[in-house]
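The following questions and answers concern the structure shown below.

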Amino acid sequence: MSDNKQQPTVHAQNPTQGIENAMKRIKHRVVVFSGKGGVGKTTVAVNLAYAFAGSGLRVGLLDADITGPNVPQMTGLTGGLGTQGGMIVPSEVNGIKIISIASMVEGGTPIIWRGPLRSKVIDQFLGEADWGDLDILVADLPPGTGDEVLTIAQHTSPEMAIVVTTPQEVALIDARRAANMAKKLEIKNIAIVENMSGLICPHCGERIDLFGSGGGEEEARKLDVLFLGKVPIDPQARAEADNGRPIVLQAPESPISQAFIAMAAKIRETLQ
């Protein structure tokens with residue numbers, strides 16, 4: 001695929017029918033979102049997707065954060081979107097099918113669109129793309145409770161909403177809103193991930209709770225939702241993501257990778 005970005009030519013069809021047809025071929029649908037930005041939502045979405053793939057599942061990853069798409073950076077995806085037979089063809093990186101708006105614009109170009117246009121693009125990514133047969137589709141949503149979250153929830157009927165938070169109260173306030181939104185949308189399974197939960201000092205081995213610890217687990221208990229687990233801070237994970245290499249692929253035995261792999265197994269068990 002070339003590095004030139006291009007607008008895809010999409011098939012002219014009834015959007016609703018196209019989405020329904022696409023969803024019939026996807027066994028499970030999971031959305032990953034957060035009440036606020038900066039909590040590592042995309043890191044969780046990307047590494048869970050690759051953890052699923054590592055267990056033998058056919059996986060799709062939809063970057064639905066239209067104004068802040070980071071999935072390509074974290075997965076090493078380059079080039080524009082391809083088309084075939086009037087349908088968008090997802091890019092494939094290390095065995096996962098990926099679609100992102102970042103493949104349609106030059107790097108650094110701001111996407112200054114109102115909500116309805118952002119939702120329309122998501123509809124195209126869902127119903128006018130050839131996802132094929134998938135075991136699971138992971139959708140990385142923008143932070144907050146806006147149009148894109150509603151669009152995905154209404155059109156894909158997700159079976160699980162994963163709310164990513166950090167342990168401190170300022171993040172938990174927004175995570176609470178996100179979880180309650182998932183309840184109002186009647187998503188069957190709701191889960192919380194506590195990200196950035198402690199740093200293991202590389203010199204002395206002591207645990208440093210930079211943002212506290214246990215806040216996400218306690219919030220899950222209060223809301224009566226599933227707690228998937230804690231993800232520690234790992235400088236290597238940040239460095240690998242900056243270079244387009246998910247940590248679960250680069251260092252599968254590391255504590256952070258093992259946390260993602262365990263979460264993926266718990267999600268599979270819940271969905272099945």
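**Burial, cores and helix packing**

Q: Does Ser34 count as buried or exposed?
A: In this predicted model, Ser34 has a relative accessibility of 1%. Buried means under 20% relative accessible area. Because its accessibility is 1%, Ser34 counts as buried.

Q: Which backbone oxygen lies 2.7 Å from a polar atom of the side chain of Ser34?
A: Ser34 is located in the loop between strand E1 (26-33) and helix H2 (41-54). Not counting residues up to four places away in sequence, Ser34 touches several residues, including Pro142, Pro143, Gly144 and Val164. The oxygen at 2.7 Å from its side-chain polar atom is the backbone oxygen of Lys36.

Q: What is the average pLDDT of the protein, and over which residues is the pLDDT below 50?
A: The protein averages a pLDDT of 90, and 94% of the residues score at least 70. The stretch with pLDDT below 50 has 20 contacts in the model beyond near neighbours in sequence; it comprises residues 6-12.

Q: Which residues touch the most other members of the largest nonpolar core?
A: This core has 42 residues, and its largest share, five residues, comes from helix H6 (residues 169-184). A second, separate core of 41 residues includes Val30, Ala45, Val164 and Leu271. In the largest core, the residues that touch the most other members are Leu62, Phe125 and Ile152.

Q: Does Trp131 count as buried or exposed?
A: Trp131 is placed in the loop between helix H4 (115-127) and strand E7 (134-140). Leaving aside neighbours within four places in sequence, its contacts include Leu62, Ile99, Phe125 and Leu137. Because its relative accessibility is 1%, Trp131 counts as buried.

Q: Which backbone oxygen does the side chain of Trp131 reach at 2.8 Å?
A: Leaving aside neighbours within four places in sequence, Leu62 is in contact with Phe125, Trp131 and Ile152, among others. At 2.8 Å, the side chain of Trp131 reaches the backbone oxygen of Phe125.

Q: How are H2 and H10 oriented to each other, roughly parallel or roughly perpendicular?
A: H2 and helix H10 (residues 255-271) pack with their axes 9 Å apart, at an angle of about 70°. The contact is made by residues including Val44, Leu48 and Phe52 of H2 and Phe260, Ala264 and Ile267 of H10. Angles of 65 to 115 degrees count as roughly perpendicular. H2 and H10 are therefore roughly perpendicular.

Methods
Residues are numbered from 1 along each chain as its sequence is written. This is a predicted model: local features need pLDDT of at least 70, side-chain atom pairs count only at pLDDT 80 or more; totals for chains, interfaces and linings use all residues. Side-chain values use heavy atoms; hydrogens and water are left out. pLDDT is the predictor's confidence in each residue, from 0 to 100. Contact means heavy atoms within 4.5 Å. A nonpolar core is a set of buried Ala, Val, Leu, Ile, Met, Phe, Trp, Tyr and Cys residues joined through side-chain atoms within 4.5 Å. Buried means under 20% relative accessible area, exposed over 50%, partly exposed in between (1.4 Å probe, protein chains only). Helices (H or I, at least four residues) and strands (E, at least two) are DSSP runs, numbered from the N terminus. A polar contact is a pair of N or O atoms within 3.5 Å; within protein, one must be able to donate a hydrogen and the other to accept it, and residues adjacent in sequence count only if both atoms are side-chain atoms. Axes are lines fitted to C-alpha atoms, for helices over the stretch in contact, and angles run from 0 to 180 degrees between N-to-C directions. Angles under 35 degrees count as roughly parallel, over 145 as roughly antiparallel, 65 to 115 as roughly perpendicular and the rest as oblique.
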